[in-house]
Amino acid sequence: MTKFTTEGTGWLKVQITTGQDAVPLGDVKIQVLPSGGTEPIYEGVTDETGVLEGMPLACPPRALSLEPDPSQLPYGVYDLTAELAGYNTLRMYNFEVLDGEVTFAQQNMEPINETTDGSPVQPQEDIVDTPEHGLYGQGGSGPAPEVPPIVEPVMAYASPTAAVALLAYQEVAIPDTITVHLGSPSSSAKNVTVTFRDYIKNVASSEIYPTWPEEALRANMHAEISLALNRIYTEWYRSKGYPFDITNSTSYDQFYVQGRTIFDPMNRICDDIFNTYVRKLGTVNPYYTEYCDGKSVTCKGMKQWGTVTQAQSGKNALEILKYYYGNDIEIIRTNNIKNTPESYPGTPLREGSSGVEVKVIQRQLNRIAKDYPSFGTTNVDGVFGPATTSQVKKFQKQFNQTADGIVGRNTWYKISYIYVAVKKLAELGSEGEKSTGDFVEGEYSNSALYVGSRGNSVFQIQFFLNEVATATPEIPSLAVDGIFGSGTQTSVKAFQTKYGLSVDGVIGRNTWDAIYLQYSSLVLDEIPYITSPGQYAGVVLKLGSRGNTVKRLQFALNMISRYNSSIPTIAMDGIFGAGTERCVRAAQSYYGLPVDGIVGEVTWDKGFEVYTDLVGNIIANTAIPGTYPGAPLMLGSQGLAVKEMQYYLYLLSAYYGALPTIAYDGVFGKATQEAVKIWQQLIGLPVDGIVGQQTWTSLYTQITVLHIIDGSISGLFVKPYPGSPLLLGMDGTAVQFVQFMLTYIKPFYSGLLPNTPLTGVYDVATENAVKNFQTEFKKTVTGVVDAATWDALLTIYFSCASKSYGPSQIPEGEYGGYVLVQGSTGLQVYRLQTYLNNIGARYDTIDYATPDGILGPETMKVVNQFQKEFGIEVLPYVDRLTWDAIYSNYQNGASSPQFQAVLKRKRKLSLF
């Protein structure tokens, strides 16, 4: 047991997440023990935000850390254990506590390596063993490179043009991540990829003490940042064939300890200066800021202990750096930060601020609140009011910042960083999702749009792009008039520049898809509880309503008006005035709804359905969706009526796994005939493959019921094993799905290689990633995806997906607003399994469903057993009726009036 004096007190704060900060983990059991001890001195559990704080721990007095004295340990040393069912146990040994400072144990817990052969899951442990602190052991940097980076001073170039060209080519960027080799360059040590900011906080906590004067800390951290950026900028190791950016060996680089705790000052200062670096005047590259402790080791550069003396004498960070590196240096701050949606506006945002930058923060905070629901949500109106202040304060407290409600540089970039982290999993999930059953809105028209183009497709994409422009300062607003003029071209070029597309001012498929993706992201960030832009937001709109949801309603009505002159055109200003009310009444009358001028769920859903049908050329301009064409459709039939019927089959295939996904092309071929037969069989109609009135009505009625009563699908797309192994040199969608699974699970397992691009080509990088996966999960290492590796990938993918949705904002027992199918994951599935198992304990006919948060064949079988036992129609999904019946039985029992009332409900739609 490590001994130290105990006159001082420090504090410990624990923060546990999974998926690289994307999902907080609550209910994690935390124990703190003396280093090498067996009896805990503190126990607690993390809250819903994954935090447990306020743990005082004895340590040596502060003065010992301000003078170099190798005879006395200047910090306290403790151990920590974190446990949560379904995750590897985390054990941290010898973490450091200093007098008057907060130590952060910020850890990602990894899900247990699931087995794929039915064998019991073996308990596992993740170990973090912190060595002696760099100032007490072996800190400092490696020596400056013998061969300096080949970057000449700008002044050496004969022409200003050449100098500008060099700067443009060699611009310094702050990376999103850095790959660290945990040993000397030629050793066989492990490589880890971590965020650049986390790397700097770790190095600073390993190299210097948090008790030092502020300016000494800043000088040291500027040096640590610059040294790391120099290694990346010059590709010092990668140019020599190494697959990493830097080592953690102090003989070569600087001290990094994987998984160690972080000190509060290092966390705060890094968030402020992570995008700065030191450079020599007249040069571009970050300077190699060599340093050492200056006591046990000497060097040409900065002396760490000397910075304390210099700061105590009154020097600021720049003056300290000039003292060691010469007067010809400067500190540069860059806004070229990779994977940052928007740059800091330059001045703090606070209550009373307004504008696009406020909208950016509100939207990002609302998206973060999906995973941190205690933050609450606010209107994305660009006005920084009390609700936004409250959100910002909660965010700041959660992420270890001064909770003042002001969005300065630190908070801006921290919000951006967390926003990107939580969205990565969501966007990956959307790449892997199956059809949700939602009406198709943002589909490319298959014709490029450019200056001179006119029509409905131009009008539609102008609206999407203009909405993106209102939230993106770099993109100018444009007129939404259906005419592709110079203003639209300018905005398109600005969008293409912003999002890394070819800048030609033409909207082809790639630009169209990118615009719609950003538009969808804006809508879903603004309204965290919907899953697609066209979904009803739960708010009734009527005369006097205002906001972006009103504007989207006005857009849909105007799109309908462009096809159907019976519906008047209105202003898209976000204000529900008399004109909008008249337009709503006209649409309600024309499409057979109660005429009241109020937009509830039925009117909203019908409006979105008609709009998307028209732009998708599913129905004729003045047709009413769902109207039987008057004559049966059969093999050989063609036209819009066939296309409409095929579209309904396509949407229903999301809910019914037995239904094949067919093209809706207006041609009744063999594939359509087979899909019709399967549908008829599913719902008990005569199976003849002909769509008469009864079959037509069943299709449209079921789509309408599912949309208005049950909601869209929440599920993950899964491809079946292709039947033969995948290996180097192959390509196709099966390879792309393997790459997708590897990319999805990477955030949950630190030992896996960085993300694999979803190219669909089985290249060397993919082979290496497969080998790495096989090693991590104890499979035969071949680099080939055989059936066993495929199944293992699927198992881990589902396991991670079930944990990637964060705390649920849906109250216990309440229907989530979406249909659960095979492939659905998350807390709602876990709740469903819990309810079923409670019921199953009372009924022999209902089996046990493993409560893993994954709706697989086993759980669906139990759902069907419940449906059959209680006379509910057996369906391949969990809709509102099934959910309510299961929860009511779980809560009240089968004989209760509440459960019997649920059973009396019918699966039919009453619109009026």
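The crossing of helices H16 and H18 is left-handed, a term applied if the near helix is turned anticlockwise from the far one by less than a right angle, with right-handed used if clockwise. In this predicted model, local features need pLDDT of at least 70 and side-chain atom pairs count only at pLDDT 80 or more, whereas totals for chains, interfaces and linings use all residues. Residues are numbered from 1 along each chain as its sequence is written, and side-chain values use heavy atoms, with hydrogens and water left out.

The axes of H16 (residues 640–652) and H18 (residues 693–710) come within 10 Å and cross at roughly 45°. Axes are lines fitted to C-alpha atoms, for helices over the stretch in contact, and angles run from 0 to 180 degrees between N-to-C directions. Helices (H or I, at least four residues) and strands (E, at least two) are DSSP runs, numbered from the N terminus. H16 and H18 are therefore oblique to each other; angles under 35 degrees count as roughly parallel, over 145 as roughly antiparallel, 65 to 115 as roughly perpendicular and the rest as oblique. Contact (heavy atoms within 4.5 Å) involves residues of H16 including Ala641, Glu644 and Tyr648, and residues of H18 including Trp696, Gln702 and Leu706. By class, this contact has 11 nonpolar, one polar and one charged residues. Ala, Val, Leu, Ile, Met, Phe, Trp, Tyr, Cys and Pro count as nonpolar, Asp, Glu, Lys and Arg as charged, and the others, Gly among them, as polar.

For helix H7 (residues 356–368) and helix H8 (residues 386–398), the axes come within 11 Å and cross at roughly 55°. H7 and H8 are therefore oblique to each other, and H7 passes H8 in a left-handed crossing. Gln362, Leu365, Asn366 and Ile368 of H7 make the contact with Thr388, Gln391, Val392 and Phe395 of H8. Four nonpolar, four polar and no charged residues take part.

Five strands form an open sheet of mixed pairing in the order S4-S3-S6-S7-S9, where two strands pair if DSSP finds at least two bridges between them. Strands S4 (42–45) and S9 (125–129) stand at the edges, each with a single partner strand, so one side of each is left without a neighbour in the sheet. The twist averages 20° from one strand to the next. S3 (residues 29–34) and S4 run antiparallel and are joined by four bridges, with Ile30 opposite Gly44 in S4.

A search of the whole structure finds one disulfide, defined as a pair of cysteine sulfur atoms within 2.5 Å. A disulfide joins Cys292 to Cys299, with an S to S distance of 2.4 Å. The torsion about the S-S bond of Cys292 and Cys299 is about -85°, so the disulfide is left-handed.
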